[in-house]
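Visitor: I would like to go through this model and ask what stands behind each label. Please set the values against the definitions.

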Amino acid sequence: MSEPRTLKRQLLVWLSGPLIALWLISTIVDFDIANRFVNLAYDRALLESALDIGRQVKVHNGQIYIDLPEAAFDMLQTREQGRVYYRVTGPQREYVSGDPDLPLPADEFSERVSYYNDVLRNRPIRVVALRVPVQPKSGKGSVLIQVAERVNVRTEFAGLIILRMVLPQAILIILAAFMVWYAVGRGLAPLSSLRREIENRSHRDLSALPVSQAPQEVRPLIRAMNDLLQRLSTVLATQQRFIADAAHQLRTPVAGIKTQTELALRQTQSDEAQITLRQLHTATEQATRLINQLLLLARTEPGAEAMHATARLDLNMVVRETTTEWVPRALARNIDLGFDSSLQDAMVEGNVFLLREMLNNLLDNAIRYTQPGGHVTVRVTPDDERIVLTVEDNGPGIGENDRERVFERFYRVLGSGVEGCGLGLAIVREIVIRHNAGIALGPGAGGSGTAVKVSFPRVA
């Protein structure tokens with residue numbers, strides 16, 4: 001699967017593509033212009049050399065010769081890369097002076113000055129041919145003067161010009177691409193901040209996203225997202241109110257049914273009626289517990305933060321008091337319930353009501369599922385920068401395959417033989433998330449039973 005294209009990369013491609021295309025077109029145009037100017041300058045230099053030689057054409061006793069100074073001759077013959085070749089040919093195409101192997105023009109030129117390309121010693125050359133009269137108005141014809149130089153001199157010079165023209169343009173394009181990359185990055189920085197804002201948010205935080213720092217083009221998108229968050233928050237609040245109201249409305253009639261069954265159990269002497277009433281009493285107890293847990297779950301879900309403010313508190317004190325309240329229930333089932341802490345103070349940020357309900361659910365599960373004669377231990381221990389609350393029992397335990405699913409609502413482990421509604425650990429998880437804590441399930445001491453560990457951030 002190909003990597004998705006980023007907006008930054010697309011902008012860079014769309015902006016740098018035309019720059020590169022213009023640079024290539026400019027290079028081609030500059031190359032043509034440079035070649036034209038170089039050829040024009042070198043052709044004029046060749047013509048000047050031919051004119052200088054033409055001024056030195058002399059006739060003595062009917063013999064044509066070139067009165068070329070030795071210094072000028074040496075200069076023409078000893079130049080390295082810019083060496084100039086020349087040849088002087090008489091009116092009858094006889095050799096007069098210069099390089100005899102310089103080829104004569106293949107065609108007759110009607111113009112006084114002609115330029116053409118040829119080959120000398122297997123190398124391309126550029127030649128200027130100049131016709132100079134032997135003696136003006138004498139009718140003795142004209143002398144052909146040829147001056148040539150290698151083409152590579154022009155090519156190298158033109159290449160040097162192109163390089164000096166193209167290289168700065170390439171550097172400018174690279175700098176422009178870098179500036180575009182930097183500017184686009186700076187321009188998209190608010191989007192990165194918005195992404196981090198969303199990533200760092202809890203799934204419970206449905207407040208509006210900030211709009212003030214976003215670019216004008218992105219603000220409609222953020223407003224649409226805020227509108228969606230607002231509608232989602234409204235739906236969740238409506239759902240929570242419905243659950244809370246329904247649970248609250250059910251508590252009163254169910255409590256009345258429970259009271260009436262307890263009264264009927266004391267008044268009825270028939271064994272069959274006693275059995276029926278006990279079953280009805282058990283069912284109403286379960287319904288009461290389910291209603292209370294639904295009400296508590298609605299209070300711990302996202303959107304109900306305002307109902308439970310947090311504050312600094314001593315986890316030791318909260319756990320000790322809550323555990324003490326469960327001692328009679330544990331004794332009734334012949335279970336040894338104990339509390340152990342190695343900390344003088346365990347300061348955390350939390351809500352007392354929710355923490356008590358969390359521990360109530362953990363203790364209820366531990367005592368409910370532990371066999372008579374067993375033991376349940378509650379511990380508060382330090383762990384680096386965190387404080388760990390552990391509820392450990394030696395009951396049947398929870399299999400590895402069920403340790404994640406037990407946090408789902410209404411999920412119950414099959415074969416436990418214990419009545420329940422499957423909301424206890426779901427409530428515990430919601431409260432743990434509310435307190436930015438972590439929770440883990442594992443075996444108890446010796447590999448048997450269950451140990452639930454909840455780790456809270458320590459507050460200085």
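Visitor: Where is the place of Phe407?

Guide: Phe407 sits in the loop between strand 12 and helix 10. Helices (H or I, at least four residues) and strands (E, at least two) are DSSP runs, numbered from the N terminus. The model is a predicted one: local features need pLDDT of at least 70, side-chain atom pairs count only at pLDDT 80 or more, and totals for chains, interfaces and linings use all residues. Residues are numbered from 1 along each chain as its sequence is written, and side-chain values use heavy atoms, with hydrogens and water left out.

Visitor: Why does Phe407 count as buried?

Guide: Buried means under 20% relative accessible area, exposed over 50%, and partly exposed in between (1.4 Å probe, protein chains only). Phe407 has 7% relative accessibility, so Phe407 counts as buried.

Visitor: Which residues does Phe407 touch?

Guide: Not counting residues up to four places away in sequence, Phe407 touches Leu425, Ala426, Arg429, Ile439 and Leu441. Contact means heavy atoms within 4.5 Å. Between Phe407 and Ala426 there are 4.7 Å from C-alpha to C-alpha, while they are 19 residues apart in sequence.

Visitor: What makes Thr377 buried or exposed?

Guide: The relative accessible area of Thr377 is 18%, and therefore Thr377 is buried. Thr377 lies in strand 11, residues 375–383. Leaving aside neighbours within four places in sequence, Thr377 is in contact with Gly338, Thr390, Val391 and Glu392.

Visitor: How many residues has the largest nonpolar core, and what is such a core?

Guide: A nonpolar core is a set of buried Ala, Val, Leu, Ile, Met, Phe, Trp, Tyr and Cys residues joined through side-chain atoms within 4.5 Å. The largest has 37 residues, and Leu315, Met358, Leu389 and Phe456 have the most contacts inside it. The elements giving two or more residues to this core are helix 7 (315–325), helix 9 (352–369), strand 11, strand 12 (386–393), helix 10 (424–434) and strand 14 (450–457). Helix 9 gives the most to this core, eight residues. Another core, of 16 residues, lies apart from it and includes Leu46, Val88, Val143 and Ile145.

Visitor: How do you know that helix 1 is close to its expected span?

Guide: The expected span of a helix is 1.5 Å times one less than its number of residues. Helix 1 (residues 7–54) has 48 residues and reaches 70 Å from its first C-alpha to its last, close to the 70 Å expected. Among the buried residues of helix 1 are Leu12, Ala34 and Leu46.

Visitor: What joins strand 5 to strand 6?

Guide: Two strands pair if DSSP finds at least two bridges between them. Eight bridges join strand 5 (residues 113–120) to strand 6 (residues 123–133), and these strands run antiparallel. Ser114 stands opposite Ala129 in strand 6, and the bridge partner of Asn117 in strand 6 is Arg126. Their hairpin has two residues between the strands, and there Arg121 takes a positive phi near 55°.

Visitor: What order has the open sheet of five strands, and which are the edge strands?

Guide: The order is 4-3-7-6-5, with antiparallel pairing.
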